[in-house]
Amino acid sequence: MNKTYLIYLLAFGGFVMATSEIVMAGILGMVAQDLDVSVGAAGQLVTVFAAVFGIGSPILVTLTSRMERKKLLILTFIVFIIGNLIAFFSPNFAVLVVSRVVLAASASVYTVVALTSGSSMAAPGRQGNAIGIIIMGFSTALVVGAPLGTLIGEYWGWRSIFLLIPILAIPAVIGIAALVPKMSGQAPIPLGEQLRILRNPRIVGGLSITFFWIVGYQLMFTYISPFLQQAAGLNTARISAVLLACGLFAVAGSRLGGYGADKWGTSRTLIGSLLIHAVALVLLPWTATSLTGALIMVAVWVGAAWMTTPVQQFYLVSLSPDASGLALGLNNSILQIGMAVGAGAGGWIVNRLSVLNLGWMGSLSIGIGLLAVFYSVRSSRTMNPSR
């Protein structure tokens, strides 16, 4: 039976979840003004989300490992809806922080369960494509969720966003309850065994790929607006056009990455996407000197970056099929930590050097990620000569 429609249902759920995370960046000023805090303080809402997501993901995935997957997917959405309602009714900043904790906890579990469930429901040889489709749901939030949410916040107030998001979540809950088959969970993994998985050179290499890839990406993406202002002299309207292209090519890249994992293999697709990513970052300061140049090179850069995402998820699942939930949970943690490191390192570069130095510095991190690919693949072949 063709279950592709179920994969798209999980992708829609990912879109809803990701929108609640991404939209905050566009409404920080509104939140700061309404709750009488500084923009810097409001920015900690993003930090709190990333920290809870990163630290909580492996813990929560382990605690819920025995739970039937369909029931767990529904539960994550119930908690997610509650988190949005807390944000909508929040009387002060402290309560809004609590809502971010609840939202991050639910999103961290949903992400891992959706990816593992979608992969298990896919036809043989189509697992990479299934993961690519689900990742596409998350990346679509960049194109639609974030800009639309920001616009809604400007006209109807930022609180209205956290009322509309639960409304979007209702069809996902109904669809999961009605269509997704029951799937058994995995046996909980003791702490000692969880630590042992980090002694596996293949897993360490795989997680290192994620870390250095996202650090290199986030170095530039966090400061893309001031970069475009200085490199190309773009105004706000033109920067918005470039950012829209970012979102569109993020969606295209995630789909291509899933296709490539099945068609060309994970190793080749990983290496290819990272090489293009690194070269694009090096060339970005020289090519993004006009709107046309910026659109073309940013499209190549972001497309290659998001192409890596589904391939990397599928690669980690293939390395530890009996503990896929743990592997993806650890990967999500590393991803969030890498985002924080990339943003922090980018800030240091901008303050000490120049925003124009972000490209080649980011490419160095991507280069280390490439070395991690070779290390992980070589370790896999050493441990499994037949591969």
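## Helices α9 and α12

Let's start with a pair of packed helices: α9 (residues 201-221) and α12 (residues 266-287) sit with their axes 11 Å apart and at an angle of about 25°. Axes here are lines fitted to C-alpha atoms, for helices over the stretch in contact, with angles running from 0 to 180 degrees between N-to-C directions. That angle makes α9 roughly parallel to α12 (under 35 degrees counts as roughly parallel, over 145 as roughly antiparallel, 65 to 115 as roughly perpendicular and the rest as oblique). The α9/α12 crossing is left-handed, a term for a near helix turned anticlockwise from the far one by less than a right angle.

Who does the touching? On the α9 side the contact is made by I209, W213, G216, Y217 and M220, and on the α12 side by L270, L274, H277, L281 and L284; contact means heavy atoms within 4.5 Å. By class, this contact of α9 with α12 has eight nonpolar residues, two polar ones and no charged ones. For the classes, Ala, Val, Leu, Ile, Met, Phe, Trp, Tyr, Cys and Pro are nonpolar, Asp, Glu, Lys and Arg are charged, and the others, Gly among them, are polar.

## The model and the overall fold

This is a predicted model: local features need pLDDT of at least 70 and side-chain atom pairs count only at pLDDT 80 or more, while totals for chains, interfaces and linings use all residues. Residues are numbered from 1 along each chain as its sequence is written, and side-chain values use heavy atoms, with hydrogens and water left out.

The protein has 15 helices and zero strands, both taken as DSSP runs numbered from the N terminus (helices are H or I, at least four residues; strands are E, at least two). Of its 387 residues, 54% count as buried, that is, under 20% relative accessible area, with exposed meaning over 50% and partly exposed in between (1.4 Å probe, protein chains only). Among contacts between residues at least 6 apart in sequence, 85% join residues at least 24 apart.

## α7 and its partners

Helix α7 (residues 158-179) packs with α4 (residues 69-89), their axes coming within 8 Å and crossing at roughly 165°. The two helices are therefore roughly antiparallel to each other, and α4 passes α7 in a left-handed crossing. From α4, the residues involved include L73, F77, F80, I81 and F88, which meet a set in α7 that includes W158, F162, P166, A169 and V173. Sorted by class, the contact of α4 with α7 has 19 nonpolar, two polar and two charged residues.

Helix α1 (residues 4-22) also packs with α7: the axes come within 10 Å and cross at roughly 155°. That makes α1 roughly antiparallel to α7. Again the crossing is left-handed. Among the α1 residues in this contact are L9, F12, G13 and V16, and the α7 residues include L168, A169, A172 and I176. The tally for α1 with α7 is 13 nonpolar, four polar and no charged.

## The nonpolar core

The largest nonpolar core has 104 residues, and those with the most contacts inside it are F77, Y110, F227 and W301. Such a core is a set of buried Ala, Val, Leu, Ile, Met, Phe, Trp, Tyr and Cys residues joined through side-chain atoms within 4.5 Å. Helix α13 (residues 291-319) supplies the largest share of this core, with twelve residues.

Setting aside residues up to four places away in sequence, F77 touches G13, V16, M17, Y110, A169, A172, V173 and I176.

## A few residues to look up

S90 lies in the loop between α4 and α5 (93-121) and is buried, with a relative accessible area of 1%. Not counting residues up to four places away, S90 touches V95, L96, W158 and R159. I214, in helix α9, is buried too, at 5% relative accessibility. Though 155 residues apart in sequence, I214 and G369 are 9.2 Å apart in space, C-alpha to C-alpha. T266, in α12, is buried with a relative accessible area of 16%; leaving aside neighbours within four places, T266 is in contact with A261, V311, F314 and Y315.

What about D36? Most residues other than glycine have a negative phi. D36 has a positive phi of about 60° although it is not a glycine. This residue lies in the loop between α2 (24-35) and α3 (39-63) and is exposed, with a relative accessible area of 71%.
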